[in-house]
Every structure is written in structure tokens, then in C-alpha cells.
Amino acid sequence: MTTQNQSITSATLLTRRKSPKAILCAIALIVVGTALYLVSDLLPDNSSSLYMACVVGGLIMGFIGLLKLFVGGKEALYLPTKSPVRSYTLYIEALSGDEVARLLTERRFDDLRRARRKESGPVRIDVQRSKDDRFISLQVMQFIPYSYEPVAEPFCFEGAEAAEVAESVGNPAK
């Protein structure tokens, strides 16, 4: 199912939430920072470098932990399966952006699999892919001097078709 024919877009299928890993990391930083600051109270010499290291280290760790807790650590989720979504970029050399968009429209995924990949190139495909391969979104971009510009609307695939597209595209992010 593509967005060209449907009103379903990646914006309606994806949501952002705080990553559990980022929350645990932030809490660990706050706890370690607090512990370091409390250790500084137990030191008898307030002019020692160990005392200063504990105070400054504790305050910095606590501050970074609070920042991570309130600001950072967001991840994208595919709503129907609650699977995390990863993003990566592919570069294709042998085809133009219009040809890649045509392959996706005509669902010729084997031809897309055979396209020559490079570290950088004139055609870029921005991929958003769920970890369970039940969702994939592809945005085809063509290099026009000085920047990449979209060739077509993003292509969104779900279910078994998404797994087929994901297999043909590959996943350097895993």
C-alpha cells in the first residue's frame, strides 16, 4: 500500500516516545551524580582535589541526567505493532531518481535489489523501517546541484509487502 493511492502516511502510522533505555541512562546519571556529591560531604579535607572532583563531577552528572530525562532520548514507533523504527540512507549510482520511483510504483523490487549501491551517489533513498519489518517508508531523492530534492511523495508499505520491500532494500542499520 503506497501513499500515492491511500490517505495513510508515515505521519499517521508513526509516533515518537521516550526511549526506555534513555530514561534508565538518565536515572543512572542522576543517582551516580547524587552519590558523588554525598561522598564529597564525607571527605574531611574540603580543599583537596578529590573533594572538588566529587562535587563538580556529581553536579555535572546530575545536570546531564536531568537534561537527558526531560529533553533527550526519543524514538519513533510503528503504532500498530509498537515496533521501534530505525532510519538510514542508501545511495544508488546506476539509476536516476525517476527510474527508482518508477520501480517502486510498479512494485519491481527485484530490479531495485540489483541496483548498484555506493557510499554516496546521485540518488539517495531515505528509509524508515520498523524492527519487525511490518512497515517501511522510502523517500527517493535526486541530487540537484548543491542539495538532494524529493523526486516523488514518500512510498509507505505495510504487512507482507513491507517485508518484501525491506528484503530488497537491505538493512545496513541492523
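Over residues 21-38 the chain is 100% helix and 0% strand, with end C-alpha atoms 26 Å apart. Helices here are DSSP runs of H or I of at least four residues, strands are E runs of at least two, and both are numbered from the N terminus. Keep in mind that this is a predicted model, where local features need pLDDT of at least 70, side-chain atom pairs count only at pLDDT 80 or more, and totals for chains, interfaces and linings use all residues. Residues are numbered from 1 along each chain as its sequence is written, and side-chain values use heavy atoms, leaving out hydrogens and water.

Why start with that stretch? An unreviewed UniProt entry lists residues 21-38 and 50-71 under "transmembrane region". UniProt positions are given in the numbering used here, feature names are shortened, and such annotations may be inferred rather than shown by experiment.

Now take a look at helix H3, residues 49-70. Which residues of H3 are buried? They are Tyr-51, Cys-54, Val-55, Gly-58, Gly-62 and Gly-65. They cover an arc of only 110 degrees around the axis, so they sit on the same side of H3. (The arc is that of the directions from the helix axis to the C-beta atoms.) Buried means under 20% relative accessible area, exposed means over 50%, and partly exposed is in between, using a 1.4 Å probe and protein chains only. Cys-54, for instance, has a relative accessible area of 8%, so it counts as buried. On the other side of H3, Ser-49 and Phe-63 are exposed. The buried residues of H3 pack against helix H2 (20-42), where contact means heavy atoms within 4.5 Å.

Next, the nonpolar cores. A nonpolar core is a set of buried Ala, Val, Leu, Ile, Met, Phe, Trp, Tyr and Cys residues joined through side-chain atoms within 4.5 Å. The largest one has 21 residues, and Leu-104, Leu-138 and Phe-157 touch the most other members. Among the elements that give two or more residues to this core are strand S3 (83-92), helix H4 (97-105) and helix H6 (159-169). H6 gives the most, with 4 residues. Apart from this core lies another, of 7 residues, among them Leu-13, Tyr-78, Val-85 and Phe-135.

Helix H4 has its own buried residues: Gly-97, Val-100, Ala-101, Leu-103 and Leu-104. They cover an arc of only 155 degrees around the axis, which puts them on the same side of H4. What covers them includes S3, H5, S5, S6 and S8. After H4 comes Arg-107, whose phi is positive, near 60 degrees.

Finally, zoom in on Leu-112, which lies in helix H5. Is Leu-112 buried or exposed? At 2% relative accessibility, Leu-112 counts as buried. Leaving aside neighbours within four places in sequence, Leu-112 is in contact with residues including Val-100, Leu-103, Leu-104 and Val-169. Leu-112 and Leu-95 are 17 residues apart in sequence and 9.4 Å apart in space, C-alpha to C-alpha.
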